[in-house]
Amino acid sequence: MADLSYLDAVVLGVVEGLTEYLPVSSTGHLTIAENLLGLEVDAPAVTAYTAVIQLGAIAATLIYFFRDIVRFAVAWFRGLTDAEARHDPDYGLAWAVVIGSIPVGIVGFAAKDLIEGGLRSLWVVATALILWSGVMVVAERMHTSYERRGLVRGEHSVTPVDGLLIGLAQCFSLIPGVSRSGATISAGLARGIDRVTATRLSFFLAIPALTAAGLFQSVQQKDDLAAFGVGPMIVGIIVAFLVAYLSIAWLLRFVASNSLMPFVVYRVALGLVLAGSLAAGVISAT
C-alpha cells in the first residue's frame, strides 16, 4: 500500500469536508480519491483514516450549530423531569435526533465487516450513486405535492416518529455512494418537512453517527492508523473541518431556494462515468 503524503492528506481532507454534507456521498468520493491516489481502498488503515478525518467535519457541525445544540440539550434534559417542559417543540426535536441516531449505530456495528470489506468497491459506489438518485427524485416529487397542498412542516413540528423514519433511511448511507445527507434529507422531504429544516436535521443526526464512527475506528484500529503517521491524520482532520464549515453554510443557503435536482444530475453523471471507467479498465474497483 502506498504511503500517505501530506498532499494526499490535504486532498482527502478537502474531499471529506466538501462531500460529507452535500448529498453526493462522501464515502463514495473518498473511495474514488483513494483509488486515484494509489491507496488500497479496502485496507484497514485506509478505512480507519477515512473514518477519523470525519471528526473534522463533525467538529465543524458542532461549532456551526453550537447554540442550537445547547438549546435542544437543555430542552431535552428539562423535559425528562418536567412534564410542562415536554410541550416545548425543542424537546420533541431533541428526541427525534436521539431516536433517529439509534438505527444506524445498530446496523453499522452489525454489518461492520461488510461495510469495510465487500462494499468498499467502486462498482458499489457507481451503482449506489445512480440508484439512490432515483430515490431523491421521488422524495422531491413527494415534497412538491406537500407544497401544493400547503402541508409542508417546519422545525417545531418535527416529531420522534420523523426522527425514527429518517434514522432508518440513514442506514442506507452505510452503502458507499448513497450519501448520508442524501438519505436523511430525502427522507425529511418525503415526510413533508421543509427543505431547510430537513437539512438542519440531517446535520444534527450526523453528530452522533460520525462521532461514534470516528472514535470507534480510532480506538479499534489505532495500530493501523499508525501506518500513516500522526501528521497526515491531523492535517486531514483540520482541512476537513475548514472545508466542511464552509460547505454547511453554503448548503443551507442553497436549499432555502433550490431543490436537490442539481445534485441528482451530478450523481448520475458521476455514476455513469465511474461505471464506464471501470468497465473499460481505466481504474480498478478496489
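This briefing covers a surface patch, aromatic pairs and salt bridges in one protein structure. The model is predicted. A search of the whole structure finds 13 aromatic pairs, and the count of salt bridges comes to eight.

**Nonpolar surface patch**

- L7, V10, V11, V14 and L18 form a nonpolar patch on the surface.
- Together, these residues have about 380 Å² of accessible area.
- V14 is placed in helix 1, which covers residues 6–19.
- The relative accessible area of V14 is 34%, so V14 is partly exposed.

**Aromatic pairs**

- A pair of aromatic rings is described by two values, the distance of the centres and the angle of the planes.
- Among the 13 aromatic pairs is the one formed by Y21 and F203, which is edge-to-face.
- For Y21 and F203 the distance is 5.1 Å centre to centre, with 85° between the planes.
- This pair links distant parts of the chain, as Y21 and F203 are 182 residues apart.
- Y21 lies in the loop between helix 1 and helix 2 (26–36), while F203 belongs to helix 12 (residues 195–220).
- Y21 has 0% relative accessibility and therefore counts as buried.
- F203 is also buried, because its relative accessible area is 1%, and buried means under 20%.
- F241 and Y245 form another aromatic pair, and this pair is tilted.
- Their rings are 6.4 Å apart centre to centre, and the angle between the planes is 45°.
- F241 and Y245 both lie in helix 14 (residues 230–255).
- They are four residues apart, about one turn of the helix.
- F241 is partly exposed, with a relative accessible area of 24%.
- Y245 is partly exposed as well, with a value of 32%.

**Aromatic cluster**

- One aromatic cluster is formed by Y21, Y64, F65, F72, F203, F204, F241 and Y245.
- The cluster includes Y21 and F203, which form the edge-to-face pair.
- It also includes F241 and Y245, which form the tilted pair.

**Salt bridges at E155**

- The side chains of R71 and E155 meet in a salt bridge, at 3.2 Å from N to O.
- R71 is in helix 5 (residues 66–81), and E155 is in the loop between helix 9 (122–148) and helix 10 (160–170).
- These two residues are 84 residues apart, and the pair links distant parts of the chain.
- R71 is partly exposed, with a relative accessible area of 33%.
- E155 has 15% relative accessibility, so E155 counts as buried.
- The side chain of E155 also meets that of R200 in a salt bridge, at 2.9 Å from N to O.
- R200 lies in helix 12, 45 residues apart from E155, and this pair too links distant parts of the chain.
- R200 is buried, with a relative accessible area of 15%.

**Salt bridge between R191 and D162**

- R191 forms a salt bridge with D162, and the closest N and O atoms are 2.8 Å apart.
- R191 lies in the loop between helix 11 (180–190) and helix 12, and D162 lies in helix 10, so the pair ties together parts that are 29 residues apart in sequence.
- R191 counts as partly exposed, at 30% relative accessibility.
- D162 counts as buried, at 0% relative accessibility.

**Salt-bridge network**

Definitions and conventions:
Residues numbered from 1 in each chain as written. Predicted model: local features only at pLDDT ≥ 70, side-chain atom pairs only at ≥ 80, totals over all residues. Heavy atoms only, no water. Patch = residues over 30% accessible without salt bridge, like charges linked within 9 Å, V, L, I, M, F, W, Y side chains within 5 Å. Areas by Shrake-Rupley, 256 points an atom, 1.4 Å probe, with all protein chains shown as cover. Salt bridge = Lys/Arg side-chain N within 4 Å of Asp/Glu carboxyl O. Buried < 20%, exposed > 50% of the residue type's maximum accessible area, 1.4 Å probe, protein only. Phe/Tyr/Trp six-rings, centres within 6.5 Å; stacked < 30°, edge-to-face > 60°.
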